[in-house]
Amino acid sequence: MPFIEMHDVGKSFGAREVLAGVNFSMEEGEFVSIVGASASGKTTLLKIVSGLLEPGCGQVTMAGESVTGFSSQAAIVFQNYSLLPWLSALENVRLAVEAAFPSYSRARQDEHSERYLKMVGLGGALARRPSQLSGGMRQRVAIARAFAVEPRVMFLDEPFGALDALTRATLQQELARMCSEAGRPVTALMITNNVDEAILLSDRILTLSRGPSASLSPAVPIDLPRPRATDLLFHDEQAVRIRGRLAGFLAAGSRPRFGAPTNAAFSRGVSKSNVPVEA
Amino acid sequence: MKKIAANMVLALVGVTLVMLLWATLSQTVAKDLPSPLKTWEESKVYVLQPFDKRGEMDQGILRMAGYSLFRVAKGFLLAVLIGTPLGFLLGASNLFYKMFDPTIQVLRPISPLAWLPLGLVLFRQSEPAALFTIALCSMWPTVINTMQGVRAMPQDYHNVARVLRLSAWKRLTKVWLPATLPFMFTGYRLSLGLAWLVIVAAEMLTGTPGVGGFLWHGRNTTA
Ligand SMILES: Nc1ncnc2c1ncn2[C@@H]1O[C@H](COP(=O)(O)OP(=O)(O)O)[C@@H](O)[C@H]1O
Ligand SMILES: [Mg+2]
């Protein structure tokens with residue numbers, strides 16, 4: 001039985017059907033990405049699978065049990081950081097640690113939170129408020145907070161979507177490193193609008209067709225060895241082929257009616273920059 | 001420095017002009033209005049011995065102001081203690097909001113002193129009646145602002161509280177209170193202003209010692 005499973009899930013907001021017939025499953029220890037254009041329903045999908053939003057129809061199960069709310073074994077990283085501005089970096093992480101490990105002593109909770117902040121390279125910014133941190137650093141705090149509760153599964157909603165390309169590339173590598181150093185296979189479901197990011201991090205990639213009534217394509221497995229360097233995307237034959245294929249899926253799913261020409265970058269599948277789906 | 005001196009001179013000129021106008025008026029059209037000099041002579045005993053107590057209504061001006069301030073503080077504190085949780089409940093619970101908002105909208109615009117008779121009936125004494133009036137009148141900005149602060153809380157913060165699975169206490173102290181604090185303080189400031197407006201009138205009507213009572217007593221005892 002798969003660890004997480006969605007069966008025929010649909011969701012409408014009023015008359016607007018956002019998701020229809022979504023089927024999905026993943027095993028424990030897998031890193032799975034879902035790529036889709038903006039406003040295709042990615043966030044809605046992630047909220048449903050994590051239990052933050054009730055599906056309109058269909059079933060969602062985790063570890064064999066029906067999902068009814070956000071699980072105590074899960075953590076989530078939002079696109080917009082979602083840090084509390086009146087708490088320091090350390091206090092933001094601590095708040096999660098206190099709730100996840102209430103039996104720890106204060107000192108141990110502090111030490112635990114600090115360790116994860118050091119892991120994302122923020123050992124020198126523990127006392128700083130979010131307003132005193134750059135966008136990249138804020139997202140590092142959010143990632144540290146998610147890892148610090150040592151969740152059984154991690155949900156990531158466009159975790160680097162608000163960052164500039166350079167910071168984005170650095171944080172992608174950092175997230176990959178955190179996953180490999182976690183000491184056990186990390187189970188993660190990541191939503192992104194960036195094909196390259198998905199290839200660098202995932203074991204498997206699915207695409208969400210452009211809404212309304214979006215659904216998932218069959219998965220594309222990524223068998224590239226880790227760690228994966230960014231230039232792999234341009235030189236490795238498999239990576240290049242997958243890039244082209246995913247871009248094709250997305251272009252097909254997002255092509256306007258009446259057959260307007262697809263974006264040239266998608267059909268070539270290779271370019272020197274990251275390919276955002278909206279481009 | 002020069003600028004401050006110039007400003008002070010201008011202010012003094014302004015005061016002098018108003019005094020002159022006052023003196024002229026009391027000499028010409030408004031014969032019942034005491035002149036500035038007469039006013040000073042009558043009131044200097046209260047001003048020069050500001051803490052003296054010669055009788056219940058015959059006390060120094062600072063002593064009277066002290067009574068009023070103390071009463072305002074008590075009424076305001078009462079307003080904050082009742083208004084803040086009430087605002088929180090109204091903001092946090094839709095059920096509560098739908099149940100009580102119409103009543104509150106009716107009670108809110110009631111003129112401050114209209115509460116005083118009710119207070120006197122309820123408490124039979126002027127002191128608690130005055131406090132009751134101050135609290136009820138000055139409570140509304142606190143209630144409304146706290147409520148709006150809770151309602152205006154970004155969805156993000158709700159999400160954080162939810163996914164971190166914070167306890168009710170942590171949710172309140174680490175998320176809700178800090179998020180609404182700026183709104184609450186706006187409410188407190190407005191409430192304090194209202195409380196100070198109401199106190200003079202309430203004291204005049206109840207005849208309790210304080211700034212309002214002092215004024216009323218003064219009006220009744222001077223010919
Ligand atoms: N709570 C909501 N109420 C109404 N419409 C919503 C709500 N949440 C999302 N939508 C709509 O559903 C569509 C998909 O939204 P979302 O899942 O956020 O897309 P994505 O994350 O892929 O950008 C959008 O058109 C959005 O306007
Ligand atoms: Mg989204």
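Into which domains is chain B divided? In this predicted model, chain B comprises domain 1, covering residues 2-48, and domain 2, covering residues 61-222. The C-alpha centres of these two domains of chain B are separated by 37 Å.

The interface between the two domains of chain A was examined next. Contact across it involves twelve residues of domain 1 of chain A and nine residues of domain 2 of chain A. The two domains bury about 830 Å² between them, and carbon and sulfur atoms account for 66% of this area. On the side of domain 1 of chain A, 43% of the area buried against domain 2 of chain A is supplied by Met154(A), Asp157(A) and Pro159(A), a contribution exceeding that of any other three residues. No salt bridge is counted between domain 1 of chain A and domain 2 of chain A. Polar contacts are present, however, with four residue pairs found across this interface, both members of each pair at pLDDT 80 or more. Two elements of chain A, helix H1 (42-50) and strand E7 (153-157), each provide at least two residues of the side of domain 1 of chain A that touches domain 2 of chain A. Of these, E7(A) gives the largest share of that side, namely four residues. The composition of the side of domain 1 of chain A that touches domain 2 of chain A is eight nonpolar, one polar and three charged residues.

Ligand 1 is surrounded by residues of chain A, among them Phe13(A), Arg16(A) and Val18(A). The surrounding residues also include Ala37(A), Ser38(A), Ala39(A), Ser40(A), Gly41(A), Lys42(A), Thr43(A) and Thr44(A). For Thr44(A), a polar side-chain atom lies 2.5 Å from an oxygen atom of ligand 1, and for Thr43(A) the corresponding distance to a ligand oxygen atom is 2.6 Å. A polar side-chain atom of Arg16(A) is placed 3.0 Å from an oxygen atom of ligand 1.

The interface between the chains draws 18 residues from chain A and 14 residues from chain B. The area buried between chain B and chain A amounts to about 1,500 Å², with 66% contributed by carbon and sulfur atoms. Within chain B, the residues losing the most area to chain A are Val163(B), Leu164(B) and Arg165(B), which together make up 34% of what that side buries. One salt bridge is found across the interface of chain B and chain A. In this salt bridge the side chain of Lys170(B) meets that of Glu98(A), at 2.4 Å from N to O. Five residue pairs in polar contact, both residues at pLDDT 80 or more, are also found across the interface of chain B and chain A. Helix H7 (155-163) and helix H8 (168-206) of chain B each contribute at least two residues to the side of chain B that touches chain A. The largest share of that side, six residues, is provided by H7(B). By class, eight nonpolar, one polar and five charged residues form the side of chain B that touches chain A.

Glu98(A) also takes part in a salt bridge with Arg94(A), in which the side chains meet at 2.6 Å from N to O. Arg94(A) and Glu98(A) are separated by about one helical turn, because they are four residues apart in helix H2 (residues 89-100) of chain A. Over all chains, the count comes to 16 salt bridges.

Two backbone features of chain A were also identified. The peptide bond from Arg226(A) to Pro227(A) is cis, with omega near -5°. Pro227(A) is located in the loop that links strand E10 (220-221) and helix H7 (232-235) of chain A. Ala63(A), although not a glycine, adopts a positive phi of about 50°. The loop between strand E4 (57-62) and strand E5 (65-66) of chain A contains Ala63(A).

Technical notes
Residues numbered from 1 in each chain as written. Chains lettered and ligands numbered in written order. Predicted model: local features only at pLDDT ≥ 70, side-chain atom pairs only at ≥ 80, totals over all residues. Heavy atoms only, no water. Contact = heavy atoms within 4.5 Å. Buried area = accessible area lost by both parts, 1.4 Å probe. Salt bridge = Lys/Arg side-chain N within 4 Å of Asp/Glu carboxyl O. Polar contact = N/O pair within 3.5 Å; in protein donor to acceptor, adjacent residues only side chain to side chain. Nonpolar A, V, L, I, M, F, W, Y, C, P; charged D, E, K, R; others polar. Near = heavy atom within 4 Å. Domains from an automatic or database assignment.
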